Amino acid sequence: MAEIILENVIKRFGSLIAVNNLSLEIKDKEFVVLLGPSGCGKTTTLRMISGLELPDEGKILLDGKDVTFKRASQRDIAFVFQLYALYPHMTAYGNMAFPLKTQGFSKDKIDAEIRRAAQLLKIEHILNRKPRELSGGDMQRVALGRALVRRPKAFLLDEPIGTLDAKFREEMRTELKRLHVDIGATTVYVTHDQVEAMSMGDKVVVMNFGNLQQIGTPSEIYHHPANLFVANFIGSPGMNFIDCMPVKDERGEIFLNITSVNKKIKVSEKIAKLILKKEMIDKELILGIRPEDVSIEFKECENYIDTEVFLIETLGSFNIIDVKIGQTTVRIRTLPIVSPNIGQPCCIGFDMNAVTLFDKKTENSIMN
Ligand code: ATP
């Protein structure tokens with residue numbers, strides 16, 4: 001069992017704050033992904049959990065024990081950077097045996113552990129091969145095997161499949177996830193790839209410039225982003241952002257005025273209540289809506305915004321249609337059958353249950 005807790009952890013490199021007051025709870029057996037752009041502090045966080053880096057402030061607890069200043073070797077955690085880093089002169093077996101030999105385990109114990117890991121990873125048939133005789137995928141599996149034989153309390157994986165080509169990455173993603181289900185060890189996985197994060201994580205931790213942005217399940221992060229950064233970082237194509245301002249008419253009804261085209265659209269009762277509760281009338285907001293939650297019609301419709309087709313991308317199982325509202329491009333995901341001509345008049349509407357409103361000043365969602 002391995003529960004990992006970070007309490008108000010701060011790490012500085014000179015004047016740079018690489019990790020800024022991070023608190024995080026990783027439950028036993030959980031698969032947690034640290035996600036964010038390059039330089040946001042993911043690797044530093046992982047290195048602090050492993051013990052390779054010490055925090056300047058805060059605490060790190062492993063199964064309730066304070067390990068903040070314990071050395072990496074005393075933490076029972078396996079840290080895998082790139083899965084490739086194998087010793088070229090050793091066989092796969094030799095590579096996997098190495099960490100156990102250095103710990104002084106008996107030959108039989110080492111053999112049993114290697115057989116167990118090899119079976120899990122389905123690499124029994126390549127144990128006698130040297131790295132140069134292995135495919136990229138097999139090298140990755142052997143490197144993972146080398147971590148598995150130690151039976152660590154937790155796995156820390158830093159962009160383990162980052163350098164692979166797209167198709168192969170997809171395959172390894174599935175394998176790693178499956179392996180996690182099979183061995184059930186707590187895993188912290190670092191990536192800058194949002195698709196990898198969303199498809200693998202039980203929980204995703206989004207970071208930017210050392211600051212925590214949001215912690216949530218992939219679905220929470222996707223459907224209820226905490227701020228513009230998260231909304232923008234997750235999803236492909238990304239969320240649409242449209243300037244708007246809540247207004248109240250003389251009968252007290254609430255509308256969202258789409259600022260660039262000065263068109264008022266009706267909102268759901270839930271959103272109207274929220275706007276009133278948060279006192280957002282006449283405040284500058286940003287309406288966030290995912291491409292699949294925008295509808296497009298080629299006839300006149302109520303509560304829609306008039307525009308025309310700017311561009312269309314046919315992507316096989318779906319199309320992406322671009323339209324403009326003022327200067328803002330809005331991307332709409334449609335069925336492949338929806339295939340209008342460029343320049344064709346159309347109107348677009350928003351699924352009000354799927355809208356996220358952000359305060360333009362703070363960039364935070366106002367939905368909670
Ligand atoms: P990447 O995906 O590029 O590895 P990351 O999100 O993992 O990025 P970190 O490697 O944790 O980010 O780095 C966070 C910040 O701290 C960066 O600005 C980086 O340049 C800086 N940094 C990391 N390690 C050191 C170090 N040993 N000395 C000085 N600065 C460092």
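**Entry 1: α4 and α5**

I began with the pair α4 (residues 136-148) and α5 (residues 166-183) in this predicted model. Their axes come within 11 Å and cross at roughly 25°; axes are lines fitted to C-alpha atoms, for helices over the stretch in contact, and angles run from 0 to 180 degrees between N-to-C directions. That makes α4 roughly parallel to α5, because angles under 35 degrees count as roughly parallel, over 145 as roughly antiparallel, 65 to 115 as roughly perpendicular and the rest as oblique. The crossing of α4 and α5 is right-handed, a term for the near helix being turned clockwise from the far one by less than a right angle, with anticlockwise giving left-handed. I took helices (H or I, at least four residues) and strands (E, at least two) as DSSP runs, numbered from the N terminus.

On the α4 side I listed Gly136, Gly137, Gln140, Arg141, Leu144 and Leu148 in the contact, and on the α5 side Phe168, Met172, Glu175, Leu176, Leu179 and Ile183; contact means heavy atoms within 4.5 Å. By class, the contact of α4 with α5 has seven nonpolar, three polar and two charged residues. Here Ala, Val, Leu, Ile, Met, Phe, Trp, Tyr, Cys and Pro count as nonpolar, Asp, Glu, Lys and Arg as charged, and the others, Gly among them, as polar.

Conventions: residues are numbered from 1 along each chain as its sequence is written, and side-chain values use heavy atoms, with hydrogens and water left out. As the model is predicted, local features need pLDDT of at least 70 and side-chain atom pairs count only at pLDDT 80 or more, whereas totals for chains, interfaces and linings use all residues.

**Entry 2: Leu176**

I then looked up Leu176, which lies in helix α5. Leu176 counts as buried at 5% relative accessibility; buried means under 20% relative accessible area, exposed over 50%, and partly exposed in between (1.4 Å probe, protein chains only). Not counting residues up to four places away in sequence, Leu176 touches Leu144, Pro160, Ile161, Tyr189 and Met200. I also checked Asp66, 110 residues from Leu176 along the chain: the two C-alpha atoms are separated by 29 Å.

**Entry 3: α2 and its partners**

Which residues of α2 (residues 92-102) are buried? I found Ala92, Gly94, Asn95, Met96, Ala97, Pro99 and Leu100. The buried residues of α2 pack against α3 (107-121) and α4.

The axes of α2 and α3 come within 10 Å and cross at roughly 130°. That makes α2 oblique to α3, and I recorded their crossing as right-handed. In this contact Tyr93, Met96, Ala97, Leu100 and Lys101 of α2 meet Ile110, Asp111, Glu113, Ile114, Arg115, Ala117 and Ala118 of α3. The residues divide into eight nonpolar, no polar and four charged.

With α4, helix α2 packs at an angle of about 25°, the axes being 8 Å apart. That makes α2 roughly parallel to α4, and α2 passes α4 in a right-handed crossing. Ala92, Asn95, Met96 and Pro99 of α2 meet Val142, Gly145 and Arg146 of α4. I counted the classes of this contact as four nonpolar, two polar and one charged.

**Entry 4: nonpolar cores**

How many residues has the largest nonpolar core? It has 44, and Leu35, Met96, Ile114, Ile123, Val142, Tyr189 and Ile234 have the most contacts inside it. A nonpolar core is a set of buried Ala, Val, Leu, Ile, Met, Phe, Trp, Tyr and Cys residues joined through side-chain atoms within 4.5 Å. Helix α4 supplies the largest share of this core, six residues. Apart from this core lies another, of 32 residues, among them Ile271, Leu274, Cys346 and Ala354.

**Entry 5: backbone exceptions**

Most residues other than glycine have a negative phi, and most peptide bonds are trans. I noted Asn21, not a glycine, with a positive phi of about 60°. Asn21 lies in strand β2 (residues 16-26) and is partly exposed, with a relative accessible area of 41%. Lys122, in the loop between α3 and α4, has a positive phi of about 55° and counts as exposed at 61% relative accessibility. A cis peptide bond joins Ser236 and Pro237, with omega about -5°; Pro237 lies in the loop between α8 (228-233) and β11 (240-248).
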